[in-house]
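Please read this briefing alongside the sequence and the 3D structure.

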Amino acid sequence: MIGGSGTTRYSGHQKLETRLHSGTYRLHNYARGNGIITYDLRGGQHGDPVWDFIDNDNHWIEHNNAAKDDAALDAHWGAEMTYDYFLEKHGRNSWDGNGGKLENYVHSSI
């Protein structure tokens, strides 16, 4: 895991865990359970093709850009914080207690 940072839409500047893949950083975090991954639906619906959010330098300063990637940063950071809360306060490893993967889908048409 690689520590990045980004300016979210609603939560300000936050630290994020990301993954370096083929020279770009992606909103993939495998340091918590079986992963926290944030996907872009690009106006589609769940079950449609998804894309990774990518960044070249792992400093996700995307506030109010045309693609509205700052919403993805809120979803990714929020899932990380939710995972941490349930682990620290309740001893629960993800939603199922077994490290279940958390997947965020951003920019849905519905």
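**Contacts and core**

Leaving aside residues up to four places away in sequence, Trp77 touches Ser11, Gln14, Lys15 and Leu16. The model is predicted, and its average pLDDT is 91, with 93% of the residues scoring at least 70.

- The largest nonpolar core has 9 residues, among them Trp77 and Leu16. The others listed in this core include Tyr25, Leu27, Phe53, Trp60, Ala72, Leu73 and Val106.
- Helix H1 gives the largest share of this core, 3 residues.
- In soluble globular proteins, nonpolar side chains tend to be buried together.

**Confidence**

- Strand S1 has the lowest confidence in the protein, with a mean of 88. Confidence is highest in strand S4 (residues 28-29), at 97.
- Where pLDDT is low, the predicted coordinates should not be read in detail.

**The open sheet**

- An open sheet is formed by 5 strands in the order S7-S3-S2-S1-S8, and its pairing is mixed.
- Strand S7 (54-55) and strand S8 (59-60) each have a single partner strand and stand at the edges, so one side of each has no neighbour in the sheet.
- Helix H1 (residues 70-90) packs on this sheet and touches S1, strand S2 (13-21) and S8. The direction of H1 makes about 95° with that of S2.
- Strand S1 (residues 2-7) pairs with S8 in the parallel sense over 2 bridges. Ser5 has His59 in S8 as its bridge partner.
- S1 pairs with S2 in the antiparallel sense, over 6 bridges. Here Thr7 stands opposite His13 in S2.
- The hairpin of S1 and S2 has 5 residues between the strands, and Gly12 in the turn has a positive phi of about 75°.
- S2 and strand S3 (residues 24-26) run antiparallel and are joined by 3 bridges. Leu20 stands opposite Tyr25 in S3.
- S2 and S3 also form a hairpin, with 2 residues between the strands, where Ser22 takes a positive phi near 55°.

- Is strand S5 (residues 36-40) enclosed or open? S5 is largely enclosed by the rest of the structure, because 5 of its 5 residues are buried.
- Ile36, Thr38 and Asp40 point one way from S5, while Ile37 and Tyr39 point the other way. In a regular strand the side chains alternate between the two faces of the sheet.
- S4 and S5 run antiparallel and are joined by 2 bridges. In this pair Asn29 stands opposite Ile36.
- The hairpin of S4 and S5 has 6 residues between the strands, and Gly33 in the turn has a positive phi of about 55°.
- S5 pairs with strand S9 (residues 102-106) in the parallel sense over 5 bridges. Thr38 stands opposite Asn104 in S9.
- S5 pairs with strand S6 (residues 51-52) in the antiparallel sense over 2 bridges. Asp40 has Trp51 in S6 as its bridge partner.

**Aromatic pairs**

- The count of aromatic pairs is 2. In one of them, the rings of Tyr85 and Phe86 have their centres 5.0 Å apart and their planes at 85°, so this pair is edge-to-face. The cut-off for edge-to-face is over 60 degrees.
- Tyr85 counts as partly exposed because its relative accessibility is 41%. Phe86 is also partly exposed, at 35%. Partly exposed lies between buried, under 20%, and exposed, over 50%.

How values were computed:
Residues numbered from 1 in each chain as written. Predicted model: local features only at pLDDT ≥ 70, side-chain atom pairs only at ≥ 80, totals over all residues. Heavy atoms only, no water. Phe/Tyr/Trp six-rings, centres within 6.5 Å; stacked < 30°, edge-to-face > 60°. Buried < 20%, exposed > 50% of the residue type's maximum accessible area, 1.4 Å probe, protein only. Pairing = 2+ DSSP bridges. Helix = DSSP H or I, 4+ residues; strand = E, 2+ residues; numbered from the N terminus. Contact = heavy atoms within 4.5 Å. Axes fitted to C-alpha atoms, helices over the stretch in contact; angles between N-to-C directions. pLDDT = per-residue confidence, 0-100. Core = buried A, V, L, I, M, F, W, Y, C linked by side-chain atoms within 4.5 Å.
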